[in-house]
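User: I'm new to reading structures like this one. Could you walk me through a few features?

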Amino acid sequence: DVSAPGQIKGTVQFLPETAQHGALTLVIKLPGYDPLEPDLPHTATGSVGGSAAANLPPVLFTISDGDTLDVQIHGVRAAPNLGDAQPEQGKRFLVLDLSLVSKVDQGIEFQTSEQLKLLHSEEEILVDTSSMEKLSHPLNEDSVVPAHGRGRFEVAFQAPVNATKLVLYYRGFNREEKHPLAIK
């Protein structure tokens, strides 16, 4: 029913402990039948005190992009592979764990490959878009953070195996910042 207020259009996937949202109701309306409202257990994750926020790991640092967005960095982990994806020779996957918190009244389109990079000495390490689909919660290119919404995501990079001290470079809407990242 396209006239229903608050309805979701298109394909949407709600990931537990990732997207912040209020309680959900699924209503199935088929022509000639009464509406069907199946019970959806465990869908109330929206409040700051809700289970999703309680299960977030600690924030290592926050990049405050003015009045637009907060980027909360939870950590970075090394991975020898991502599912069946293998890194290039002499490299390993690094997976950045972060949350995006919108401060504005409209959706924010996040351009992952333009806004997040790793720096290793003089080398820029770009987002590995080809392996992002292997992540549980990928921050895909042009993902939209909803108005006043929060989402937890992962971003994949391929870095030299010997790189233990990297710098996260964020180029945002209102500012640019660099933060050191220690890799174990």
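User: Which side chain meets Arg175 in a salt bridge?

Analyst: Keep in mind that this is a predicted model. The partner of Arg175 is Glu177, at 2.8 Å from N to O. Glu177 is buried at 15% relative accessible area, while Arg175 is partly exposed at 38%.

User: How many salt bridges does the structure hold?

Analyst: There are eight. One of them joins Lys103 and Asp70, whose closest N and O atoms are 2.9 Å apart. That pair ties together distant parts of the chain, 33 residues apart: Lys103 sits in the loop between E3 and strand E4, and Asp70 in strand E2. Asp70 has a relative accessible area of 18%, so it counts as buried, since the cut-off is under 20%. Lys103, at 31%, is partly exposed. Another bridge is Lys91 with Glu88, at 3.7 Å from N to O.

User: Why is E8 largely enclosed by the rest of the structure?

Analyst: Because 10 of its 11 residues are buried.

User: Which residues make the nonpolar surface patch?

Analyst: Leu26, Ile28, Leu30, Tyr33 and Leu36 make a patch of about 510 Å². Leu30 lies in the segment before helix H1 (51-54).

Definitions and conventions. Residues numbered from 1 in each chain as written. Predicted model: local features only at pLDDT ≥ 70, side-chain atom pairs only at ≥ 80, totals over all residues. Heavy atoms only, no water. Patch = residues over 30% accessible without salt bridge, like charges linked within 9 Å, V, L, I, M, F, W, Y side chains within 5 Å. Areas by Shrake-Rupley, 256 points an atom, 1.4 Å probe, with all protein chains shown as cover. Salt bridge = Lys/Arg side-chain N within 4 Å of Asp/Glu carboxyl O. Helix = DSSP H or I, 4+ residues; strand = E, 2+ residues; numbered from the N terminus. Buried < 20%, exposed > 50% of the residue type's maximum accessible area, 1.4 Å probe, protein only.
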